[in-house]
There are 2 protein chains.
Amino acid sequence: MTTEPLIAIDAMGGDEGVSVMIAGAALARQRHPNFRFLLVGDKNEIKSTLNKYPNLIDNCEILHTNDIVSSDDKVSRDLLRRSKRTSMGSAIDAVKSGKASAAVSAGNTGALLAIASFALRSMPRIDRPALAALLPTMKDSDVVMLDLGANTECDARNLVQFAVMGAAYSRVIYGVEKPSVKLLNIGTEEIKGKDSVREASVYLTDANNLPLSFLGYTEADKINSGDVDVIVCDGYSGNIALKAVEGAARFVTDLLKRAFTSSIRSKFGFLVSRPATELLRHHLDPNNHNGAVFMGLNGVIVKSHGSANQKGVANAIEVAARLVEDKITDRIAEDIKSIDGLPNLGDNEAVKDREENSK
Amino acid sequence: MTTEPLIAIDAMGGDEGVSVMIAGAALARQRHPNFRFLLVGDKNEIKSTLNKYPNLIDNCEILHTNDIVSSDDKVSRDLLRRSKRTSMGSAIDAVKSGKASAAVSAGNTGALLAIASFALRSMPRIDRPALAALLPTMKDSDVVMLDLGANTECDARNLVQFAVMGAAYSRVIYGVEKPSVKLLNIGTEEIKGKDSVREASVYLTDANNLPLSFLGYTEADKINSGDVDVIVCDGYSGNIALKAVEGAARFVTDLLKRAFTSSIRSKFGFLVSRPATELLRHHLDPNNHNGAVFMGLNGVIVKSHGSANQKGVANAIEVAARLVEDKITDRIAEDIKSIDGLPNLGDNEAVKDREENSK
């Protein structure tokens, strides 16, 4: 018996497939010599790529699959049926059977969520899983943000559960006992926003037995400010906010690139200040923040970005390993018990009553 | 009789109040010697500030008011009742009575929307006004984005109306006959997103008599890419996307500042490349994009950012003047007639039927 975690890797997912997934595993193993892998996918492709990484060969198993989930595959009963034959589905099944401790895939996000939810099911007291990620801030620590797109519509009950899960994630990473949590909204006054957000705010303000410290609303311009540990939102808003941040960061750096190459003088200035701008580039490189987690499932499933490079894949694998080592699933199961009095939360009638009474 | 537009300025709104609003008017008049102003607010404060701007004195009237709308004022019947005594409400009333052609305020956004909607009413065939702004892109032209926060929830019917209004705005600014329009969504596939967005997409795809060219969905990371003229969304998503973009741009420039001041070498490099980074700063300065428009009301109302400086206020005034000169209200009234077959749009029963049938 071994205590080292075995991480299942969907070797076929992502823009580059086997080559970058295995290169990422090799890099992760270089940094963490206790990591072991279950490489899932076409055994011939995997074997021929493995030859380049001698540090991996003795520390991985190969699980052969014939089929793959493509980026165009729509979520359907048919997809769920054939998923067991795919590299993505088999990696998830390895988590379900207990053979692997976690699975990492760079494949189709919608399919990954559907297959993982179908196979692993939500944890007790969690209605729906949420996609969480660590985003860079002006401070030393990252902020946990969820949901980033698993659920288009969320009720107050979902948001409260996300708050507890996000706090558990932040606690694992930074060890703070009661991570601070804010709800994303379009203003900071109590009356702003949607029913679901206001209802969740009332609950989180009143609940004093939760393992988190609720600080009210945050607006989207403060996502990277680092003044809170966890930001909670519905998956539609969260996805829009996340992509807007990514797009704006790229916009500014592209403008900067254009500015620096606009004249010989500015090119020279750029060369001189390069060590400084390299630090900036490192801080903003999405590969250094790669690895979004589906929280609330009976198992650890990490989504690597489809375009992540070797470093990005290694980062996603490290996220998975960290969550396994710190028993995130057990922690959430424990924390979520502290939610009580929830039955009416997210009940539309209750929300309507409240709105009526406040008129 | 004069043909020069008279623009009502709420002199009391914004973080700095009279001083920056009048300085902005003076700058706008310097650039456009035909601009005339109705300065609304405390006459003593206005008069003493006016002394600093001799170019304004002969080209403005003062409308004295005693009361102001504060940034803490909540929208209520009481606020609407007392609004006629406030500088904001009186500036709007000057538009209603026809004395002024447009009003510019840097005050409380929620109050401005409520008072303007109450006094001016929505245009025929427009159910709700929307807040629109021009955002910078990688290309030479700005993108029109709406709604940025006037409506927390929007149905498909609202979104289609926003598309027509946004296209009219883009046409005024750039003269393109059929501006391209995309709906903001969390993916580009047809099946993604909310019912309202999908329903609006179906309508806009089928409608071939609209004065716009509908190009499907865009994700929030493409807001600044400049590959479309108009981006349409509900006010909740739009506000989150806008603020996320603002916050991320500030985040990157703050990191850059930190990088450039981290060593003597990088400080030197920064000084050398300063002309280039100044261009970047100019491109990103929110004051150069100040002036959000409430579209769909019977009158032109422009919101200046509360923290805008003199240059920002002048920009908001120029936006208002431009929309007046190009008769935006008449254009929208004309364009909106091309929407027909709309009765079922936004009708929840119709959406449900459609969802049922697609199962």
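By what turn and what shift along the axis can chain B be laid on chain A?

## The two copies

Chain B is laid on chain A by a turn of 180 degrees and a shift of 0.0 Å along the axis, with an RMSD of 0.0 Å. Copies are superposed by least squares on the C-alpha atoms of residues with pLDDT of at least 70 in both. The two copies are therefore related as by a two-fold rotation axis. In chain B, G269(B) has the C-alpha nearest the axis, 2.0 Å from it.

This is a predicted model, in which local features need pLDDT of at least 70 and side-chain atom pairs count only at pLDDT 80 or more, while totals for chains, interfaces and linings use all residues. Residues are numbered from 1 along each chain as its sequence is written, and chains are lettered from A and ligands numbered from 1 in the order in which they are written.

## Where the chains meet

The contact takes 51 residues from chain B and 51 residues from chain A; two residues are in contact if their C-beta atoms, placed from the backbone, lie within 7 Å. On the side of chain B that touches chain A, α9 (235-260), α10 (264-272) and α11 (274-284) of chain B each supply at least two residues. The largest share, 20 residues, comes from α9(B). Helices (H or I, at least four residues) and strands (E, at least two) are DSSP runs, numbered from the N terminus.

By class, this side of chain B has 27 nonpolar, 15 polar and nine charged residues. Here Ala, Val, Leu, Ile, Met, Phe, Trp, Tyr, Cys and Pro count as nonpolar, Asp, Glu, Lys and Arg as charged, and the others, Gly among them, as polar. Of the interface residues of chain B, 100% are also interface residues in chain A, so the copies meet through the same surface.

## Two domains in chain A

Chain A is divided into domain 1 (1-120 + 292-326) and domain 2 (126-284 + 327-359), with bounds from an automatic or database domain assignment. Their C-alpha centres lie 26 Å apart. The contact between them takes 14 residues from domain 1 and 18 residues from domain 2.

On the domain 1 side, α6 (109-120), β10 (292-295) and α12 (310-325) of chain A give two or more residues. The largest share, four residues, comes from β10(A).

## Strand β10 of chain A

A292(A) and F294(A) point one way from β10(A), V293(A) and M295(A) point the other way, and all are buried. A residue is buried if 20 or more other C-beta atoms lie within 10 Å of its own, exposed if 12 or fewer, and partly exposed in between, with C-beta atoms placed from the backbone.

β10(A) pairs in the antiparallel sense with strand β5 (residues 130-135) of chain A over three bridges; strands pair if DSSP finds at least two bridges between them. In this pairing L131(A) stands opposite F294(A). Three bridges also join β10(A) to strand β11 (residues 300-303) of chain A, again antiparallel, and A292(A) stands opposite K303(A). β10(A) and β11(A) form a hairpin with four residues between them, and G296(A) in the turn has a positive phi of about 100 degrees.

## A covered helix

Helix α5 (residues 87-96) of chain A has nine of its ten residues buried, among them M88(A), I92(A) and V95(A). The buried residues pack against β1 (6-10), β2 (36-41), β3 (60-64), β4 (102-105), α6 and β11 of chain A. Just after α5(A), G98(A) takes a positive phi of about 90 degrees.
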